[in-house]
Amino acid sequence: MYPAAFEYLAPSTFEEAIELLERHGPGAKLLAGGCSLVPLMKLRLAQPTHIVDLGRVPDAAGIREEDGVLRIGAMTREADLVRSAAVVGRYPILVDTCSVIADPTVRNMGTVGGNLVHGDPANDHPATMMALRASFVALCASGSRIVPAEEFFLGLFETALGPAEILTEIRIPAPVPGSGGAYVKFERQVGDFAIAAAAAWVRLDGDRVADASIVLTNAGPTAIRARAAETVIAGRVPETMTLREAGEAAREGLEPWPDLRGSRDVKRHLAGVAVERALRAAVGRARDDGGDRV
Amino acid sequence: MSEVAIRVTVNGEDRTATVEPRFLLVHFLREVLELTGTHIGCDTTSCGACTVVLDGHAVKSCTMFAVQADGHEITTIEGLAREGRLHPLQEAFHVEHGLQCGFCTPGMIMAALPFAEEHADPSDDEIRRAISGNLCRCTGYVNIVSAVRRAARTLHGLDVDPPLADAGSGTGHGPGA
């Protein structure tokens, strides 16, 4: 399949890319790894007049932790994220998440930034980034701003980025004592989007849950915080039945779209199971560490 | 729309061309360079038949534009055999009968190449994960997994079982032979 014709532009800086977006208007589209955009263009669901390829912007990829923040360059490939010495062992929730995105070959091209800015509620990073209380650095001609992950996803394929604004970096708070996280996904087969999935982050104070974020993938127009589930476990000892209660609470009011992956009931049920299991894994990680991983 | 000049190292050779930006990498390989060993299967990033190695990593060439490969290094199935000798992966797919119709084979081998180079003695589970972006509709994968394991061990100088064909009646065509 051939996409519709377009002009190819390969800027060497983010600033130049922003200029190109401003010059060419709404027909211009950023290309990162292409794993979402290229298939859309082949199916002619997207027909940009100009492609602005970020693949030649130096330093757009990279991972480092400093001053209590993990900084991930938006063009970092998924495969490089899970191989990163800064991530493995310290951010197992990111390894959970990356390992279930598409397939290993796609992960060699796909970027973390691309996965986020596509604004697809079925993508896996949004829930994890929201659960980790990450924030995103957005750059436009007038400068950069920080957008919390929770305020970034506005609707189906819609984010807080302006028309000539670029996501340049993802910032994740470093693990604190007693914290743990996990991502659990149900998929029909490798490479498919989630039937249901959940990201969970907890901070324990002694035996009890002092703080928690629970976020669902593919259960609505954006990744959704399961606030009722968070309320259930707040201040409690996260025993088996408590986690089950949290899973049940996550199902309340949930209206996932029925499709080939499952009926509304199946998806709602599995969302609850994903919450329960992600919480159990997150609590396990929180308990058996000295606060050096999440 | 303006065409773009690209220079790509393919199987060790510098290749230059002027391409339409919408030209996919797989089109460039098959139609411009006439390297038709790289197949187009699903054309939707699912099947992996078009897998090639880009700068040491397996990628699906139906899901990137040729212009994105400008300045990069590509290996296709045609780049594996040296001086008439099959690459250990090709040899292993032959010995283990890791194919039936053969359509998925070039992509399967290219997906397995960086993995086999990195893993001396992979488990079945690791192999299955590594090739999970590639579909085979004939074999049921068992012999493909055996082939990748044999190739990985061979590449790292570990012992491998002698080919079945040599141990049996000489035909290697299964129980009836």
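Chain B contains six helices and five strands. Read from the N terminus, its elements follow the pattern β-β-α-β-β-β-α-α-α-α-α. The model described here is a predicted one.

The overall form of chain B may be considered next. Along its principal axes, the C-alpha trace of chain B extends over about 60 × 30 × 30 Å. A compact globule of 177 residues would have a radius of gyration near 16 Å, and the value for chain B, 17 Å, agrees with this. Of the 177 residues in chain B, 46% are buried. Among the contacts in chain B with a separation of 6 or more, 58% are made by residues 24 or more positions apart.

B:Phe115 is located in helix H3 of chain B, which covers residues 105-118. A residue counts as buried if 20 or more other C-beta atoms lie within 10 Å of its own. B:Phe115 has 20 C-beta neighbours inside 10 Å and therefore counts as buried. In sequence, B:Phe115 and B:Glu126 are eleven residues apart, while their C-alpha atoms are 9.3 Å apart in space.

Two further residues lie in one loop of chain B. B:Glu34 is found between helix H1 (25-32) and strand E3 (51-54) of chain B, and B:Asp43 also has its place in the loop between H1 and E3 of chain B. Phi is positive at B:Glu34, near 60 degrees, although this residue is not a glycine. Phi of B:Asp43 is likewise positive, near 65 degrees, again in a residue other than glycine. Is B:Glu34 buried or exposed? B:Glu34 is exposed, because 8 other C-beta atoms lie within 10 Å. B:Asp43, by contrast, has 18 C-beta neighbours inside 10 Å and so counts as partly exposed.

Attention now turns to chain A. Its domain assignment gives domain 1 (7-56), domain 2 (63-173) and domain 3 (179-287). The C-alpha centres of domain 1 and domain 3 of chain A are 35 Å apart.

One open sheet of chain A is formed by five strands in the order E4-E5-E10-E6-E7, with antiparallel pairing. Why do strand E4 (63-66) and strand E7 (143-148) of chain A each have one side without a neighbour in the sheet? Both stand at the edges and have a single partner strand each, so one side of each is left without a neighbour. On average, neighbouring strands of this sheet are turned by 25 degrees against each other, direction ignored.

The pairings within this sheet can be followed strand by strand. E4(A) and E5(A) run antiparallel and are joined by four bridges; in E5(A), A:Ile72 is the bridge partner of A:Ile63. These two strands form a hairpin with two residues between them, and A:Asp67 in the turn has a positive phi of about 50 degrees. Strand E5 (residues 69-73) of chain A is also joined by five bridges to strand E10 (residues 166-173) of chain A, again in antiparallel fashion. In E10(A), A:Ile170 is the bridge partner of A:Ile72. Helix H1 (residues 14-24) of chain A packs on the sheet and touches strand E6 (135-140) and E10 of chain A; the direction of this helix makes about 130 degrees with that of E10(A).

Another open sheet of chain A has four strands in the order E11-E12-E13-E14, and its pairing is antiparallel. Strand E11 (179-186) and strand E14 (224-225) of chain A stand at the edges with a single partner strand each, so one side of each lacks a neighbour in the sheet. Eight bridges connect E11(A) with strand E12 (residues 196-205) of chain A, and A:Gly180 stands opposite A:Val202 in E12(A). Helix H4 (residues 92-99) of chain A packs on this sheet, touching E11 and E12 of chain A, and its direction makes about 10 degrees with that of E11(A).

Finally, the two chains may be viewed together. Contacts are formed between 23 residues of chain A and 25 residues of chain B. On the side of chain A that touches chain B, strand E1 (7-9), helix H2 (37-42), strand E3 (50-53) and helix H5 (104-107) of chain A each supply at least two residues. The largest share, three residues, comes from H5(A). By class, this side of chain A has 15 nonpolar, five polar and three charged residues.

Note on methods:
Residues numbered from 1 in each chain as written. Chains lettered and ligands numbered in written order. Predicted model: local features only at pLDDT ≥ 70, side-chain atom pairs only at ≥ 80, totals over all residues. Pairing = 2+ DSSP bridges. Axes fitted to C-alpha atoms, helices over the stretch in contact; angles between N-to-C directions. Contact = placed C-beta atoms within 7 Å. Domains from an automatic or database assignment. Nonpolar A, V, L, I, M, F, W, Y, C, P; charged D, E, K, R; others polar. Rg over C-alpha atoms; globule rule 2.2 N^0.38 Å. Buried ≥ 20, exposed ≤ 12 C-beta atoms within 10 Å, placed from the backbone.
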